[in-house]
Amino acid sequence: MISTFILQPGLLTLSDLRQVWQTPCTLVLAPEANEAIDASSATIGRIIARGKAAYGINTGFGKLAQTRIPNDQLELLQRNLILSHSAGTGELIDDNVVRLILLMKIGSLSRGFSGIRRSVIDVMIALFNAGITPCIPVKGSVGASGDLSPLAHMSLTLMGEGQVRIAGQVISAKQALAQAGITPVVLAAKEGLALINGTQVSTALALHGLFMAERLLEAATITGAMSVDAAKASDAPFDARIHAVRGQAGQMATAKLYRDFLHNSPIRESHVLGDTRVQDPYCLRCQPQVMGACLDLINNAARTLLIEANAVTDNPLVFVDTEEVVSGGNFHAEPVAFAADTLALAIAEIGAISERRIAFLIDASNSGLLPFLVSNSGLNSGFMIAHVTAASLASENKSIAHPASVDSLPTSANQEDHVSMATFAARRLNEMAQNTAVIIGIELLAASQGIDFHAPLKTSPKLAEVHQCLRDKVAFYSHDRWFAPDIEVARQMVVRGELSAGCKDMFDSLYLA
């Protein structure tokens with residue numbers, strides 16, 4: 001059943017954004033937003049009537065801002081803007097991310113600082129509710145002056161131009177609007193600029209990365225706890241007193257998770273006494289310190305992205321009380337670029353420490369388990385190359401994680417001489433997340449294999465549920481078989497959030513709502 005979501009402009013929460021990211025809904029704009037929208041649009045009309053030059057209303061754009069446009073060509077100016085700026089390339093942005101783009105753009109325009117008519121916003125809402133997804137190429141923005149090219153592709157749809165997806169099928173926007181009974185809009189003064197100026201594409205891609213990072217953190221915390229039991233490692237490093245004296249919030253919170261996940265583990269109880277090992281390796285012992293720091297980065301990025309999701313980031317802005325149109329630079333996506341770069345660090349590190357745990361488990365000299373986690377090793381190679389796959393992806397993520405925000409290339413004949421690169425910073429997060437999901441999936445397989453070796457002893461009740469969830473889909477690795485399908489099943493479990501689905505209450509309090 002599709003739920004109804006009432007949009008209060010400027011009041012989106014992360015819970016709202018997660019919901020729209022996960023599931024289509026019917027969007028309704030709160031009626032109280034109409035007054036501000038209408039007042040802003042009327043202000044534009046009065047400014048045009050005065051005959052004074054105002055950037056973006058009756059002038060050219062960027063380096064061409066000094067060119068005055070006659071009133072009888074203002075609609076053509078906006079149409080030409082959308083057509084010429086639709087210059088993106090690459091794969092199309094996924095439907096759930098486009099939903100976020102539309103939601104945030106509608107919310108931003110509805111705050112009443114953009115000078116756009118209510119009728120245009122109504123068409124955007126109609127597209128959203130009809131499941132008509134604009135085809136937006138993922139490449140072609142430098143994150144200032146806003147996400148011009150991808151938002152232009154979005155705006156094409158409103159005009160009945162370009163292409164859209166409906167239930168995964170690509171058709172022309174003209175055909176889709178006709179089938180849905182939606183009349184294409186003719187953009188008035190400033191409206192095209194209001195539509196394509198803004199950081200909504202960068203922010204939506206970064207939010208996708210954020211929500212994936214949350215799932216990765218949850219999955220890797222669980223597989224990390226399973227690896228502790230698989231290796232018969234100690235739970236002493238998770239003692240609350242250790243983390244309290246340091247005082248890092250994420251570290252203290254994740255340490256509690258490890259304590260809770262390992263509580264009442266018969267495997268742990270079997271070696272509390274008589275264990276000759278003094279310390280476990282960092283990949284096991286320092287999990288709260290690493291994962292807690294990743295959690296803190298995730299939450300810091302979430303704060304920035306939530307502000308941006310509610311922000312007015314087009315240009316120029318309309319201030320109704322003084323009837324001024326003021327040109328600034330809210331389209332510069334530097335905050336989003338920084339947030340995306342820090343998310344990249346967290347995603348890379350979650351995968352990096354998971355890879356180290358896989359390496360530990362397959363090394364019989366360290367873990368005490370069978371070599372490469374398989375019987376009759378030599379004849380069987382077991383997890384040998386599965387670990388190589390994990391290592392290759394962890395290394396790849398290190399390169400991709402290089403901060404995008406430190407780069408800048410001037411555009412628009414040096415008028416836009418410093419840019420954020422936020423769109424790329426956010427876009428690469430999905431690739432990194434998919435890499436890390438594979439690594440965690442391989443750890444899930446390896447840790448489950450190690451736990452099976454300790455039978456009849458079992459892991460803790462909470463971890464046993466995850467172990468059984470895997471075993472319902474992937475059998476114990478008794479001898480060499482085609483390994484890739486097992487890895488793909490485990491990856492999908494990570495990406496879909498299945499590992500933490502039965503204990504979501506343990507994680508929900510960690511994140512901003």
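Modeller: A pocket is an open set of grid points, where a 1.4 Å probe fits, with protein on both sides within 12 Å along at least five of seven lines. The model discussed here is a predicted one.

Colleague: How much space lies in the second largest pocket?

Modeller: Rolling a probe the size of a water molecule over the atoms shows where empty space is left. For the second largest pocket, that space is about 340 Å³.

Colleague: Which residues lie nearest the centre of the second largest pocket, and which element supplies the largest share of its lining?

Modeller: Its lining comprises 15 residues, with E91, L92, V138, R427 and N430 nearest the centre. Helix α18 supplies the largest share, five residues, and β3 (89–92), β5 (137–139), α9 and α18 each supply at least two. By class, six of the lining residues are nonpolar, three polar and six charged.

Colleague: What are the corresponding values for the largest pocket?

Modeller: The largest pocket holds about 670 Å³ of space. Its lining numbers 35 residues, and F61, G62, L148, S412 and E416 are those nearest its centre. Two or more lining residues come from each of α3 (74–85), α6 (148–158) and α8 (191–196); α3 gives the most, five. The lining divides into 14 nonpolar, 18 polar and three charged residues.

Colleague: Against which helices do the buried residues of α20 pack?

Modeller: They pack against α9 (200–230), α17 (384–400), α18 (422–453) and α19 (461–471). The buried residues of α20 are D486, I487, A490, R491, M493, V494 and V495. Helix α20 itself covers residues 484–495 and reaches 16 Å from its first C-alpha to its last. After α20 comes G497, with a positive phi near 75°.

Technical notes:
Residues numbered from 1 in each chain as written. Predicted model: local features only at pLDDT ≥ 70, side-chain atom pairs only at ≥ 80, totals over all residues. Heavy atoms only, no water. Helix = DSSP H or I, 4+ residues; strand = E, 2+ residues; numbered from the N terminus. Expected span 1.5 Å × (residues − 1). Buried < 20%, exposed > 50% of the residue type's maximum accessible area, 1.4 Å probe, protein only. Contact = heavy atoms within 4.5 Å. 1 Å grid on protein atoms, 1.4 Å probe; cavity = no way out; pocket = protein on both sides within 12 Å on 5 of 7 lines; lining within 4 Å. Points joined across faces, edges and corners; volume = space filled by probe spheres on them. Nonpolar A, V, L, I, M, F, W, Y, C, P; charged D, E, K, R; others polar.
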